[in-house]
Amino acid sequence: MRIVVTFLLNAGLNFGVGLVIAALMGPDLYGRYAVIASTGSLLATALFEWLRLSTARFYGETQRGSVPALRPSLDACYHVLTAVLVVGGVLALGLPGRFGVTPSLAGAVVLAAVANGGFDYCGALARARFMDRDYAGLVIGKGVLGLAAAAAAAQWTHDPAAVLAAQAVGSLVAILPSRGALADPGRAPPARSLIRRFAAYGLPVVAANVVFQAILLFNRSVAASRLGFATAGHLSLATDIELRLFLAVGAALDVLLFQLAVRGEAVAGPSGAAQQLRRNIVDVAAVLLLLGVLFAAVLPAFTALIVPERFRDGFVPLALAVLPGILLFCFGQFAINPVFQMAHRTRPIILGALSSAAVDGLGLLLVPATAGPIGIAAVHSVSLGGGTLCLAWLAHRDAAIRPRLQDAVGLLAATAVAGLAVWPLRALPAPLVLGTAAVIGPLGFAAVLLLGDVGVMRQRAAWLRACVLRLVPTREVA
């Protein structure tokens, strides 16, 4: 439960960072910030994501004692990749001036990549050892320090590179208090066999994530070149808000559900893992569908209350255009990818990413510049959805993980009921819309799940009720 609360707090802080930067810098500067921030994120994903994945899969309280070379191998990979990134940043300064690579820009992007990679690695170490308190300190510390540093830099400098660098410094400072707790006793030399194992497991997933990050960066660059940085800023904020929301929720689910699949495999073998993966698919779909329909319903109120004033014009259609693709993308990341990860068969994930890239490139060629940011947003959404559908088709051939037809129909019915219950509330004042929708929508959704026993919801409700009753003290009878 602490992990879930931590992720919810992190989602709120991430919202705050993006909104504060946008409000202080305006559409044009935020558009520039979004491009360089995406570049830093792309580098961090390309170089360090496989370490996070390998840590989550192979490292743990038992393994750190039984395999002495495990942690040194992971540490060595991070240090070597950091050195490569720093050297690459220095070399980038020698690029021709027409690329616009300045020392401050190169330094900010490299610092952001190193900080994000180091934070994700330390977070994976804490999660793998179930160090909930330390993990919460890492996440909340990064959010608070990043928000404060980014806000100060945006207010004082109005320089996108300075804002990105300030966020990176906040992440690095957040890591410092947990270094002692995350240390392993004793040292052994790194093992090349372990590093090769990490690479074989994680690199296909990383390659796919790099493609998705590249699509995001490419679309923002196209928007900036065709329509100007101010328009790119509007498009970027709509995309960033939804990505941060749904990725944070999906990651919170992944912390719990992926480890349940790992435990199911340890207890009951491949059949136990398949059974848990099937449940996970239903759970992830349920949460994303509920949040998606609620977000779409309250979007005008959300815009009026939360989105900075200079970004409100056109925000609702942009957000609606990218919403289906982002929901499908998150479903692929947190429901379908684990199927291949558990089977140590991660190469098919690349096919999904490449199909997204192909759809995106074709879409940008076919959609004219006169379509404006809505056209680019729609292309991005369709490309993300196309990649997920390709991935789902590849995973669907494994009959053991297919959800029941009853569950699929029940989820669609629950989504429709929640949407119909919340949609009339749009006529209320904005604060009431958000408050009442957060209650009425989930209640209607849960009622349909219980009625149709979607995802064995009745069994879960009975278990939850028993847990609550155990916490309630009983009176002694005289």
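How are helices H9 and H10 oriented relative to each other? They are roughly parallel, because their axes cross at roughly 10° and angles under 35 degrees count as roughly parallel. Keep in mind as you explore that this is a predicted model. Below, we look at this helix pair, then at some salt bridges, and finally at one alanine.

**Two helices side by side**

- Helix H9 covers residues 229-305, and helix H10 covers residues 315-342.
- The axes of H9 and H10 come within 8 Å of each other.
- If you sort the residues in the contact of H9 with H10 by class, you find 39 nonpolar, 6 polar and 3 charged ones.

- Side chains of opposite charge can pair when their charged atoms come close.
- Arg-52 is partly exposed, with a relative accessible area of 21%, whereas Glu-49 has 12% and counts as buried, because buried means under 20%.
- Another salt bridge joins the side chains of Arg-71 and Asp-75, at 3.1 Å from N to O.
- Arg-71 and Asp-75 share helix H3 (residues 70-92) and are 4 residues apart, again about one turn of the helix.
- Arg-71 counts as buried at 10% relative accessibility, and Asp-75 is buried too, at 12%.

**A salt bridge between two helices**

- Have a look at Arg-220 and Asp-240, whose side chains meet in a salt bridge with an N to O distance of 2.2 Å.
- Arg-220 lies in helix H8 (residues 192-227) and Asp-240 lies in helix H9, so this pair ties together parts that are 20 residues apart in sequence.
- Arg-220 and Asp-240 are both buried.

**One alanine to find**

- You can find Ala-446 in helix H14, which spans residues 430-452.
- Ala-446 and Leu-294 are 152 residues apart along the chain, and their C-alpha atoms are separated by 14 Å.

Methods:
Residues are numbered from 1 along each chain as its sequence is written. This is a predicted model: local features need pLDDT of at least 70, side-chain atom pairs count only at pLDDT 80 or more; totals for chains, interfaces and linings use all residues. Side-chain values use heavy atoms; hydrogens and water are left out. Axes are lines fitted to C-alpha atoms, for helices over the stretch in contact, and angles run from 0 to 180 degrees between N-to-C directions. Angles under 35 degrees count as roughly parallel, over 145 as roughly antiparallel, 65 to 115 as roughly perpendicular and the rest as oblique. Ala, Val, Leu, Ile, Met, Phe, Trp, Tyr, Cys and Pro count as nonpolar, Asp, Glu, Lys and Arg as charged, and the others, Gly among them, as polar. Buried means under 20% relative accessible area, exposed over 50%, partly exposed in between (1.4 Å probe, protein chains only). A salt bridge is a side-chain nitrogen of Lys or Arg within 4 Å of a carboxyl oxygen of Asp or Glu.
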